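Hi everyone, thanks for coming.

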Amino acid sequence: MEIKAFTVGDLKTALLSADFWQTKTLPITKHRAISYSHNPRADNDDSVLLVAYQDSQVIGYLGILPDKIFVNDAVYKIGWLTSWWVDPSFATTGVGAILLFQALNAYQQKLGVSGGSKEARKVLDASQKFTALKTLKGLDIKFRLNVTGAILGKRPALKIFRVVFKIFDDMMDEIVNLRNFFWKRRNDICQGLTFEYISLIDEETGQFIQRHHQLDLTRKEKADLNWIMAYPWILSAPLKDSSGRRYYFSSRSNRFFYLGVKVFGQDSRMVGFFMLKVRDDRMSIVYSYCESQHALSIVAAVVYQALAMDVSALSLYDGQLVASFPELGCPYWSTKGISRGFSLSKALAEIPLTNYRLHGGDGDLAFY
Amino acid sequence: MLFNVIDELNELRPAEEHLEKNLMAPLIGDSGRLDSAALINLIVLTEQKTAEELGRPILLTDDRTMSQVKEVFGTLGNLAEYIQRLLSEKRDG
């Protein structure tokens, strides 16, 4: 077994090499490799991908997303673990452990974890090298029933009744449309707000974000959000392509896009900004910035976008927006609390983390 | 000391997956029984026990060890030999 560490520079070279893309299992997709190589927080010699090879075939890999965390005036370079996979037939070769420890060594033991599978959590807990940060609590709002997806997801054998479920969903959707129509007529939910859509962060937005991100753990800047929007890890595509079939993690969705939304008050002053992500029929707010007195207006703007984009569900992770949502009184089928876990390695334990803010897109979560 | 590690590791595992206290017992590899989480448990417990019982901490997660994982963690006997080597290197140098 051989472990190869790919730096940002190595990945740029790999993108031009035919051999790298010939293995039966791919350790990364091309568009993800392009994204890694444009990360504004990565240096050219940062290790971003560890690959375990056996007889020239990939048997495991671990991605690392270089980032910075900010506490008061101090900045710390860290790497977020991402896309950690081991071929199940090599599960007892220690390859998962080797990848983890090599990643820790490559980043002077300074790593972070956002989300993660049950298997990954088990390995991380066993290492005793990570401490949990506060859990990011959010709200999942279901605007549409989507019985078809829910039932067929759990019982694929009922596919023969798909048409029946679909008709039921269509009828329910009409009820939802009607409820939304009357709710919008009764309530001026946007209270004179105006929007501006952006696909890249402009100067005005960049400055607005800077004024509102002082407590953020990762203090995203214009360049960081532009990078996320310009270099997604998931592409909007109808079918899995040849590399998608050889890569274990998500690489495509029927519908996937980011959109920046600037929100202006009645006096045309910018009162908020949020970056939304739509993946199939779900919208998530990955980054949002506003003053607390405008939280209701911003959550109204978010809901307005969700209804206009006809998504079934909306995920919010901004505490101010979550708290303001009930005041809107908008129609929905159900809501439930959701959470996202973050951990930092114990080597970062000396950082005085007391009052900090996490976003729904922190770590690698903006990309999925 | 390593048998104490195996005792503690076995407490974390179902009875049918218990490791033998035998120096020839394979740990990882084709006939090994440790997945990544269990290997990490073994490493962490070994580092802790070495510090507690022998009073001399060792590091089993550095690049040097990771580059020869198959050999070091192939059997319990290999691990014992490697620990002995690390301890004598510390003593000598």
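Let me start with a question: does R219(A) count as buried, exposed or partly exposed, and how many C-beta neighbours does R219(A) have inside 10 Å? R219(A) has 18 of them and therefore counts as partly exposed. The cut-offs are these: a residue is buried if 20 or more other C-beta atoms lie within 10 Å of its own, exposed if 12 or fewer, and partly exposed in between, with C-beta atoms placed from the backbone.

Before going on, some housekeeping. This is a predicted model, in which local features need pLDDT of at least 70, side-chain atom pairs count only at pLDDT 80 or more, and totals for chains, interfaces and linings use all residues. Residues are numbered from 1 along each chain as its sequence is written, while chains are lettered from A and ligands numbered from 1 in the order in which they are written.

Back to R219(A). You'll find R219(A) in the loop between helix 7 (203–212) and helix 8 (222–230) of chain A. When I say helix or strand, I mean DSSP runs numbered from the N terminus: H or I over at least four residues for helices, E over at least two for strands. As background, most residues other than glycine have a negative phi. D280(A) is another non-glycine with a positive phi, of about 55°. D280(A) sits in the loop between strand 12 (270–279) and strand 13 (282–290) of chain A, and with 14 C-beta neighbours inside 10 Å D280(A) counts as partly exposed.

While we're at strand 12, look at M270(A), which belongs to that strand. M270(A) has 17 other C-beta atoms within 10 Å, so it is partly exposed. Leaving out residues up to four places away in sequence, M270(A) touches E204(A), F208(A), K262(A) and F264(A). Contact here means that the C-beta atoms of two residues, placed from the backbone, lie within 7 Å.

Now zoom out to the whole of chain A. Chain A contains 11 helices and 16 strands. Its radius of gyration is 22 Å, close to the 21 Å from the globule rule for 368 residues, so chain A is as compact as a globular protein of that length. That radius is taken over C-alpha atoms, and the rule is 2.2 Å times the number of residues to the power 0.38. Of the 368 residues, 40% count as buried.

Chain A is divided into domain 1 (2–135) and domain 2 (138–340), with bounds from an automatic or database domain assignment. Their C-alpha centres lie 29 Å apart. The contact takes 22 residues from domain 1 and 18 residues from domain 2. Which element gives the most to the domain 1 side? Helix 2 of chain A does, with five residues. In that helix, R32(A), A33(A), S35(A), Y36(A) and S37(A) are buried, and their cover includes helix 1 (8–16) and strand 2 (47–54) of chain A.

Next, a helix pair. The axes of helix 10 (residues 295–308) and helix 11 (residues 319–328) of chain A come within 8 Å and cross at roughly 75°; axes are lines fitted to C-alpha atoms, for helices over the stretch in contact, and angles run from 0 to 180 degrees between N-to-C directions. The two helices are therefore roughly perpendicular to each other, a label used for 65 to 115 degrees, with under 35 roughly parallel, over 145 roughly antiparallel and the rest oblique.

Finally, chain B. Chain B has five helices and zero strands. For 93 residues a compact globule would have a radius of gyration near 12 Å, and the 13 Å of chain B agrees. Buried residues make up 33% of chain B. Where chain B meets chain A, the contact takes 19 residues from chain B and 17 residues from chain A. On the chain B side, the largest share, six residues, comes from helix 2 of chain B.
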